[in-house]
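Good morning, everyone. Please have the model open on your screens, and I will go through it part by part.

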Amino acid sequence: MTTTVSAPATPQTAAPAPGVRRKRLVVLGVAAWIVGMVLVPWVVQSDLWMGIGIFALIAAIGALGLQVIMGFTGQISMGHAAFMAIGAYTSAWLGVEKEQPFWIWLPAAAIVSGVAGAIFAPAAVRIRGLYLAVATLGLVFIGAYVWETWTTLSGGDGGRVAAPVVINGQDLLNGYWSGDTQVLTLFQAWWYFALAVLLVVTVLAWNIKRSRLGRAMMAVRDKDLAAGVVGIPVTRTKVVAFGISSAFAGVSGALLTAYMGYFTPSQWGLMLSVDMIAMVVIGGLGTISGAILGAFFFKVMPELINWLAQYLPFISQDAKVDGGVTAPLLSQFLYGLVIVLVLIFEPRGLSQLCRRPFTRLRAGRQEETR
Amino acid sequence: MIRKLVPTLAVGALLTLSACGGAAESSSDGSDGVKMGPGVTDKEIKVGILSDYSGPIAEAATSGSLGMEVMFDEVNANGGVCGRKIVAVKGDTKYDAQQTVQAYRGMSNDVLMLGEVLGSLSINAIKTNIERDDMPSMAISLNTATMVAKDVYVPLPVFEVELANGVTWAAEQAGATADKPLKIASVTGTDEYGKAYASAVEAAAEATPGVEVVAEPTFALTDKDFTAQVSQLKDSGADVVLLGTGPAQTAGFVGTAAQLGYQPTWVAASGAWFSSLAEPLKGLLDKFYVSTGYGTLSDDVPGIAALKAAYEKHAPDATPSNFSVGGWLFGDATVAALQKACDDKDLTREGVTAALQDLDVDYQGITPAVNLGDGDSIVSYSSRMNTVAADGELEPVGDFYASDAAKAWGADNGF
Amino acid sequence: MTLFLQLGFQGVALGMVYALIALGFVIMTKGSNTFNFAHGEFVAVGAYVVLALMPHMPYWLAFLGSVFVTVSLALLVEATLLRKLISKGLTTVVLATLGVSVMVHALVLMVWGVGTKGSAGPVGSGTVEIGDVVLPLSSIATIVSSVLVLIALLVFFRRTSYGLALRATASHQEAALAQGIDVGRMFALSWAIAAALAVVAGIFLASFPRVVSPSIAVVALAAIPAIVIGGMDSLAGAVVGGVIVGLIQVLGAGYLSDYGGGRLHEVLPYVLMLLVLVVRPYGLFGSRGIERV
């Protein structure tokens with residue numbers, strides 16, 4: 001009678017079991033990623049790209065929220081913009097009118113948006129697919145109406161000031177100073193702040209995914225009828241999913257406006273929801289890295305294309321009214337084209353696209369050792 | 001693990017691109033002893049333009065941007081300012097708040113000032129940033145709300161002035177007196193700008209004997225049908241209708257009125273007209289007037305001649321429009337500020353801000369010269385009435401004038 | 001009373017435009033189970049092409065020319081995109097149509113510029129008067145044409161073999177396949193019909209006193225409450241829903257302008273839509289069981 005320590009299928013080597021090895025690689029990978037992100041402000045000198053990066057970090061938080069409801073739970077939500085707006089206005093009111101610090105208004109934005117999502121959810125539980133998409137779309141339009149007419153909160157169409165992020169008495173939008181010397185520029189300071197919040201949210205999302213709640217969500221996604229049959233509380237799961245997703249959206253909205261410094265009701269329209277959905281789908285539905293990747297992709301790509309367009313010979317550099325291929329228009333066209341191409345060639349998203357060569361490699365190695 | 005690698009790769013891409021950007025330039029002295037701020041070198045002065053090149057107001061915005069760029073080209077052809085070429089750094093706002101902030105932050109360390117920020121939404125989005133960066137900015141958002149923002153300058157008469165003057169002119173034309181009152185109405189949007197325009201019309205009516213406001217219908221920006229509002233106007237019996245709208249609504253109101261058999265005199269602010277409307281509204285523009293704070297392309301003045309010549313030389317494929325004139329005038333103001341700063345040997349942001357105080361700008365006849373004062377007041381109460389020619393271009397009727405009613409309104413509101 | 005009739009008439013006319021757009025959406029949903037984000041852009045292309053062709057040829061020819069161009073565009077999108085992605089799930093397809101809408105929008109701006117143009121309708125600014133109520137010719141043309149189109153569609157779906165095949169595909173794809181119906185061709189047909197409807201919607205959307213401009217495509221969004229209220233898989237529902245939305249907007253602008261900041265008429269269709277979704281998700285005329293994707 002033999003006792004084997006390693007799994008029977010894999011041969012004899014002294015290597016640790018694949019599960020353990022994989023875990024180590026994951027930890028290494030995450031560590032490498034975090035180190036990379038921390039180093040970014042010291043390497044990237046361009047303000048334009050740092051600014052884009054910060055918007056990307058903030059969008060990633062919102063994208064993670066959308067991932068929870070769409071990727072994990074399979075519910076299409078086009079109302080994300082409305083929940084981001086709720087977070088933004090909550091934070092602005094608390095941060096400016098009530099002069100609360102960020103460690104009050106940021107969680108508050110999450111809570112208020114989360115509750116709003118949970119309140120809306122029961123209405124959404126009965127409907128699926130296209131109908132759900134359309135219902136959540138209605139939220140955006142009704143939200144837009146509310147922001148535009150509730151002028152004491154939103155400042156009307158002219159907009160209002162957002163909550164400042166003040167650390168040690170310093171508004172991060174001025175950078176971080178020690179006495180008279182500037183230790184961090186506004187971009188560096190905000191990068192770290194947004195990165196910190198993103199990391200917290202990422203850890204939360206990851207824990208949710210691996211928890212029982214996460215598994216319940218995925219069961220609902222895959223076949224909610226069957227999930228109900230095996231005893232998963234479908235309604236409750238959906239409500240919780242909406243709540244969590246809206247909470248993340250609220251955080252993203254609050255940070256977005258805090259970084260902008262001033263915001264208007266017109267920002268929270270359908271296109272914002274659509275941008276978020278695009279990030280999650282193109283990045284990869286159902287994965288954490290997909291949400292983050294998608295957010296960066298969608299913030300970086302238009303600017304990249306803009307930059308590229310300068311060097312293409314047939315672009316007219318002048319502003320034109322009567323038609324003609326100008327850089328902004330071409331860049332818009334290419335933006336749409338890239339979305340379509342990614343969806344055609346890798347509908348499971350960029351994170352899958354990047355995984356492909358490695359999966360093939362690994363499969364190849366397994367072939368050899370067999 | 002692999003999945004974490006990819007964001008790192010994305011970051012790597014960012015790194016390679018970081019070579020394309022430069023860090024902020026700090027002040028230094030030029031070889032000619034002129035203090036230089038961000039965006040200024042011995043050869044160049046960088047001026048930012050934030051406009052909508054591909055979004056909802058691209059028609060007007062693109063024209064306006066080109067007007068300024070052509071002005072800069074012309075100035076550069078004549079040696080530039082302080083021996084330096086003015087370089088326009090363009091950012092596309094898509095008339096979206098986030099995009100505007102992104103575009104602004106991307107250029108804010110590279111430019112000395114913003115020569116043009118087009119649209120109220122865009123200037124609002126970056127208001128606090130402009131204040132924080134002490135960035136002197138000219139906003140093509142011709143209303144009083146924009147004008148009073150810190151570091152934001154509006155070097156032309158605002159729409160409220162155009163409308164108020166329009167009221168006075170209409171009263172004069174109709175010979176209105178207390179015994180023979182004139183009924184007027186205003187059409188404005190439901191937002192706060194609309195409310196400001198409506199109140200300017202009200203104030204002008206109060207200040208002018210015999211003028212009575214009988215209707216103030218409003219419209220939402222997404223409205224496709226204006227029967228309700230036009231019916232309201234018709235029922236009120238208004239003889240003159242002041243239009244504080246955009247071009248799309250102008251077409252809707254004039255067209256619907258024609259269908260309902262209602263033919264008032266229309267007085268539109270300059271933002272309400274675009275020449276392409278002449279064709280669909282053919283035959284309906286006999287009683288249509290545009291009150292503009294600045295001249296039109298058919299004026300026989302040195303400024304317009306220079307504009308047309310500059311377009312021939314630097315943008316031969318483009319056709320100037322009345323919005324281009326606006327951009328050109330903003331160019332005038334920008335160049336005047338830079339020139340004065342240059343004369344004071346201070347091409348820093350503080351230098352430009354100082355130059356903008358009490359700055360005299362001569363628009364070479366396109367509109368009366370102005371003095372920018374402290375930047376928070378209406379620089380000019382002069383506007384002029386125009387009719388519309390068959391090709392959509394504006395043709396002046398009479399001269400520039402500044403009505404007492406408009407001035408009284410301005411004084412009452414602290415402008 | 002006159003005001004009510006006047007506004008009611010205009011509301012119905014505007015509602016018919018929404019109905020035409022909604023019909024396009026519904027046919028695409030029924031025929032190929034997709035929600036086409038780019039439909040609004042097809043409406044825009046339809047209007048722009050008619051306007052471009054109008055000065056050079058009689059109106060009906062310009063209209064047909066535009067139908068040809070728009071249908072070709074729709075078929076191109078359907079063949080390259082839809083067939084490949086239909087198996088990958090609704091979200092993927094919808095997002096792809098979003099990408100297409102961005103591309104087409106940019107193309108329209110590149111070809112025709114960013115400015116507003118003229119009107120593209122078949123009739124001009126004339127009117128007919130009945131008592132005190134003025135009936136603009138463009139509104140009459142809209143209503144009459146829409147009714148004719150509706151009748152034509154009904155005849156097509158009930159009496160022709162292609163129509164029958166489409167309905168079969170819409171109700172049960174597998175069964176239709178089993179009957180020997182070429183499902184791929186049915187997809188293409190539904191897109192072609194929707195594109196033709198888009199052109200009709202476009203010319204009336206840009207009828208006097210409205211003009212052709214890049215923002216025409218955004219109107220498609222206003223048709224979404226129409227579809228939901230009417231029922232996403234019902235042709236009659238699309239028309240009724242469209243008329244309801246049009247009436248709310250125009251009557252609302254007339255009677256509700258003093259409330260809610262003057263914008264109530266803008267948001268009411270969406271409120272009504274949400275109410276319908278909560279109370280009767282399949283809409284006034286839709287069929288139950290459509291909740292499945």
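This is a predicted model: local features need pLDDT of at least 70, side-chain atom pairs count only at pLDDT 80 or more; totals for chains, interfaces and linings use all residues.

Let us take chain B as a whole. Chain B contains 13 helices and 18 strands. Its radius of gyration is 23 Å, close to the 22 Å that the globule rule gives for 415 residues, so chain B is as compact as a globular protein of that length. Along the principal axes, the C-alpha atoms of chain B fill a box of roughly 70 × 60 × 40 Å. Of its 415 residues, 64% count as buried. If you take the contacts in chain B between residues at least 6 apart in sequence, 69% of them join residues at least 24 apart.

Now a strand inside chain B. Please find strand E11 of chain B, residues 240–244. How many of the residues of this strand are buried? The count is 5 of the 5, so E11(B) is largely enclosed by the rest of the structure. Here is a general point for those new to strands. In a regular strand the side chains alternate between the two faces of the sheet. In E11(B), B:Val240, B:Leu242 and B:Gly244 point one way. B:Val241 and B:Leu243 point the other way, and all of these residues are buried.

What does E11(B) pair with? Strand E8 of chain B, residues 182–189, runs parallel to E11(B) and is joined to it by 5 bridges. Within that pairing, B:Leu243 of E11(B) has B:Val187 standing opposite. E11(B) is also joined to strand E12 of chain B, residues 265–269, by 4 bridges, and these two strands run parallel as well. There, B:Val241 stands opposite B:Trp266 in E12(B). Between E11(B) and E12(B) you can follow the chain through a helix: E11(B), helix H9 of chain B (residues 247–259) and E12(B) make a right-handed β-α-β unit.

Chain B also has an open sheet of 3 strands, in the order E1-E2-E14, with mixed pairing. Its edge strands are E1 (28–29) and E14 (346–347) of chain B, and each of them pairs on one side only. E1(B) pairs with strand E2 of chain B, residues 35–36, in the antiparallel sense over 2 bridges. To locate that pairing, look for B:Ser28, which stands opposite B:Met36 in E2(B).

Next is chain C, beginning with a hairpin. Strand E1 of chain C, residues 127–130, and strand E2 of chain C, residues 133–136, run antiparallel and are joined by 4 bridges. C:Glu129 has C:Val134 in E2(C) as its bridge partner. The hairpin has 2 residues between the strands, and C:Gly131 takes a positive phi near 65 degrees.

Is C:Leu75 buried or partly exposed? A residue needs 20 or more other C-beta atoms within 10 Å to count as buried. C:Leu75 has 17, so it is partly exposed. Leaving aside residues up to four places away in sequence, C:Leu75 touches C:Ala188, C:Trp191 and C:Ala192. Its C-alpha atom is separated by 46 Å from that of C:Thr2, 73 residues apart along the chain.

Now the contact between the chains. It takes 43 residues from chain C and 38 residues from chain A. On the chain C side, helices H3 (59–85), H4 (90–112), H9 and H11 each supply at least two residues. H4(C) gives the most, with 16 residues. By type, the chain C side divides into 30 nonpolar, 7 polar and 6 charged residues.

Helix H9 of chain C, residues 223–230, is mostly covered, with 8 of its 8 residues buried. They pack against helix H5 (129–149) of chain A, and against helices H1 (2–32), H10 (235–255) and H11 (264–279) of chain C. Just after H9(C) comes C:Gly231, with a positive phi of about 115 degrees.

H11(C) has 16 residues and reaches 22 Å from its first C-alpha to its last, close to the 22 Å expected at 1.5 Å a residue. Its buried residues include C:Leu264, C:Tyr270 and C:Leu277. What covers the buried residues of H11(C) includes H5 of chain A, together with H9 and H10 of chain C.

That is the end of my part.

Conventions
Residues are numbered from 1 along each chain as its sequence is written. Chains are lettered from A and ligands numbered from 1 in the order in which they are written. A residue is buried if 20 or more other C-beta atoms lie within 10 Å of its own, exposed if 12 or fewer, and partly exposed in between; C-beta atoms are placed from the backbone. Two residues are in contact if their C-beta atoms, placed from the backbone, lie within 7 Å. Ala, Val, Leu, Ile, Met, Phe, Trp, Tyr, Cys and Pro count as nonpolar, Asp, Glu, Lys and Arg as charged, and the others, Gly among them, as polar. The radius of gyration is taken over C-alpha atoms; the globule rule is 2.2 Å times the number of residues to the power 0.38. Two strands pair if DSSP finds at least two bridges between them. The expected span of a helix is 1.5 Å times one less than its number of residues. A crossover is right-handed if, with the strands pointing away from the viewer, the path from the first strand over the helix to the second runs clockwise.
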